[in-house]
Amino acid sequence: MNTDYFDIKIIDTHENNRELRLEDTQMSSPKLVYNGTDDKLQNLMTAELHFNMLVPDSENATFWHLFTGSETRYKVLLESEENGEVTTVFTGFLLPEQFAEPYDSGGFFVEFVATDGIGRLKGLDFLGTTSKKQSVIEVLLRCLILTGLDLPLNFAPAFTNAAFDFNYKELEVDTVCYKDMTVYEVMLACLESLGCKLVQVNSQWYVLGLNRFSEQEITFHRYSYSGFYFQYLGDQKEARRKVTGRFLSKPFLTVKQPTAKVEVKWESENTKWLLPEDLVTAFPENFHADHTDNSMRYLKQLKSDDRFRAYTVCVYVNDAINTSGLYSYIKGFSIYENRSQTLIGPYVQLLSFKNEAVTQTNQESFIAKEDLADNYLTLKEYVFVYGGVEKENKGSFFVDFGVAFNGYSVTADEIKSLIESGEVKKLVHIAIYYKEHLTQGKSSEQMVYSTLDDTLPGSLFDFDFEASGYLKCVLKVDSFLFEKDGFYTVRLYPVLEHPKLSAKVALHKLHLKTEKEKNEFYCVKNAEDFTLVYKKSVFHGTSRMNLSERRFYFSKEIQRLMDAGELMVREQVLRKRYHRVKEFYNAGELWYRNAEIGIFKNDQQLILNGYSLYRKVASDFEEIPKDKYTVEDQGDFSVIKQVSFGSVAPSWFLSDENEQLYIAPKASAGEVNYLNYWMDKFVVLGAKNTEVSALGGGLSSMYAWLTSKPFLCLQGTLTRLLNPLYLFQFNYVAQKDLYVTNLTLDLSEGLSEVTLIECNDYQEVPSEIIDTTIPVTLNPSINIGVVAVAPQLFNPWSINVSYEFTDFTVVDAVVKFLHFTDHPANGGVTSGLEFSKNINDLKGDYTLSFPYAMTSQERGYYEVFVKQGDVFSNKEVVLVNPVVDGSIAIQKTSIEGRVLSFTAEFQGNLPTPLHLVYQELEQWTGVIKGLPVYQEVQQKQEYQIRLEQGDNFRVWLQAGEIGSNQITQSFHL
């Protein structure tokens, strides 16, 4: 910071911003202090200006007029001038209710302090709670405006979405969660949850991600909150000044230890309720606008018959309320013991089938079981649940509804006999349905629990029945497993046709709860040789489950941009564990090539859920067709396998091991085109190969990255003035960049008492973010590729093994070849024949060669793997010199659209692998038109294949040299 002089102005804001008279101050008095720490993880860097003014001789109470109870009356400006250009370095207010001076004849100095107003926020209640969601940036600005300072905000986030870049003005919070909090607590909650630090620099607020302080050039999003409205001012790129300097005395160097583990707790205060607690008793949807409205708030009906009605109805309470004669809807349908005490409340959700051929008091249901598929009550909004055995997310379900007797002549005893005979059980049904993506239609829904399907776990869904003045139906499921991540809904069906029961069903209670923990926990293991554990609790987070008022939300504008295809899509580098290309031979001829790429589990999940694989051609990205490769789970890692049949590799073939590949989402199209899908997929900016996770996981990754290795802390007094955003160059072992975390500027002497922290290089963020309930394993890995090679010229049968060790030293590792009586998948066991070889290289190949004249005991299947100690590679099975005596026969069973279905019968011993093959033929002549397309499959009884972009095809199964009969299918009209 270079300057010709500083000027401190005190302005009376109560008297038309009048500047006070010119006063004298003491040398070494004016000091601008930025309160910080000596670490990288602070979220606030408050500023305050200390100065004094001279009391002349023979004057009493010279500065009495500055004594005030107002925290925002006297504004203080610290201005600097350089080459005629004036910059406001600091803006604040004099601390109120302070006046002290010695009783003397004058000639002394009175001390004053001006602050940035952050401290006064601790005594202010946050009054900005509304029923509408607000931008998290707007919340921050509404907090900062209460300092009394109307300053712009420059924002550089710590995170962005893995799929697309977005403006944080579109990240929203439900301000209801700030009830009973102070303004300071709200501001700090936002900063900590976003992983950012706040500081005032040159009379502007700066909010930067903690991971962004190592960057030399930063693009800021600029906002203001002037005139009680929130405004986005555009983007501004700032190059941070990089300086050097001389220390007044020898600085003090310390090395800060890295963290061994980082634990982040999102205090989400999750509710157990997946459905609204007032789902049954809610007022009608438009009640406040139309008192006659009876539309359901949370439920909707699917119907194929107009006589099916589902609506909200008012009932008697304490024998006093009867709204618009709605009691007539439930006349003869006593759902309470007497009119002075209801079991349901003022409102109830009612299903009713009105049969025009019968009277009001005799409304027998006309619904048959086959009608239920198109007539039911369900949720307006699907409920997302994290499922799976590993997450052990279990739920509970409770429903209580009543069914009216069909007329006054039907007695409770008659209904009880129906219950005892099991007849009622066949009439009352309910189901829980699942679909993976919100955008999928009804045809994609899967019934997971139901009383309708005997093959499902329906024993969980056994109703308890009771007959008094009506048929009471209660279903209670204390615990069941949500088996998959996805969207769940409930279907409540009308009563099936029976002469003694009415078509009316009144819902009393409907609960769907989760056993998920109250708070969310994230953990990253870091530097194992150290002991420091860093723990952090945050207020906000992200989740696809709507259980917390404290979660962040994307605004509707993001969905609009997504629908319009206007989001800025992000691509990221595919992280390779290994990349190899193998050639397969048959009878001495090149049969096909196979590219295999080992990848991280997280990247596999992205590819399976909306991301595509790309290569860079010139400056453009070219998508690799998804039907040209598969993604397979290999336990601790995953594998991309791509197969090209023929000796010439097409352009999309992944044959270059050094080629950089990319993955990027198609967030504007397809099944993942909805905001909920992306609410737990964020990445840390500025770090390479960051893990994709919810914000809590991102915070744990960011903290782990910032503290992943020892870093330098430098403390001393520089003979120059610094700015809190400056970078400082220092030579210690090597040239290093450091940034400011604590700073006191002596404005009259031009000195900076400073704490500087070493910048992070952009290394890989620690991956595998986990829940603390799951043990962490950081095991080394061994990856192998295996192929059996048929005889060529003078070479006999052989097995080639390519291997690669990751994250540990090779010491007498062993490659083993175990002979099996049959393929292990078919029940084969080891025969006792075994070959092995020691290896000591991190990466290489080994070939096991067989005699030219192989014995029958040596022929067959071999399981191949590499091991060192307790670490095993993936296991591969190959077939050597097979005895071929089998056959395959196939028969077409159906064709629906473009999907061909057929059965297969296998006889005898067949070589592997087995391929489903199809080939396009000329339209009229039947002459072969294109190369055959091979898909590796397993032996089974039934197969399906979709035949696209052609008129005539032939289809068959091929196992080595043995092929089945062929099915010819024509689509020509």
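Let me start inside helix α6, where the buried residues are Leu695, Gly696, Gly697, Gly698, Leu699, Ser700, Ser701, Met702, Tyr703, Ala704, Trp705 and Leu706. Buried here means under 20% relative accessible area, exposed means over 50%, and partly exposed is in between, with a 1.4 Å probe and protein chains only. Helices (H or I, at least four residues) and strands (E, at least two) are DSSP runs, numbered from the N terminus.

Quick housekeeping. This is a predicted model, where local features need pLDDT of at least 70 and side-chain atom pairs count only at pLDDT 80 or more, while totals for chains, interfaces and linings use all residues. Residues are numbered from 1 along each chain as its sequence is written, and side-chain values use heavy atoms, with hydrogens and water left out.

How confident is the predictor? pLDDT is its confidence in each residue, from 0 to 100. The chain averages 80, and 80% of the residues score at least 70. Over residues 316-347, though, pLDDT stays under 50, and the model has 69 contacts there beyond four places in sequence; contact means heavy atoms within 4.5 Å. Residues 354-362 are also below 50, with 14 contacts beyond near neighbours in sequence. Where pLDDT is low, the predicted coordinates should not be read in detail.

Now the cores. A nonpolar core is a set of buried Ala, Val, Leu, Ile, Met, Phe, Trp, Tyr and Cys residues joined through side-chain atoms within 4.5 Å. The largest one has 150 residues, and those with the most contacts inside it are Tyr168, Tyr178, Met187, Phe397, Phe401 and Phe554. Helix α2 gives the largest share, 9 residues. Apart from that core lies another, of 47 residues, with Met45, Ala47, Leu78 and Cys713 among them.

On to the sheets. Two strands pair if DSSP finds at least two bridges between them. One open, antiparallel sheet has 3 strands in the order β57-β58-β61. Its edge strands, pairing on one side only, are β57 (887-896) and β61 (942-946). β57 pairs with β58 (residues 899-907) over 9 bridges, and Ile888 stands opposite Phe906 in β58.

Another open, antiparallel sheet of 3 strands goes β49-β50-β53. Here the edges are β49 (781-789) and β53 (843-849). Again there are 9 bridges, this time between β49 and β50 (residues 798-806), where Val786 has Val801 as its bridge partner.

Most residues other than glycine have a negative phi. Asp180, however, has a positive phi of about 65°, and Ser203 has one near 60°. Which of these is buried, and which exposed? Asp180, in the loop between β12 (171-173) and α2 (183-194), is exposed, with a relative accessible area of 72%. Ser203, in the loop between β13 (196-201) and β14 (204-209), counts as buried at 10% relative accessibility.

Notes. pLDDT = per-residue confidence, 0-100.
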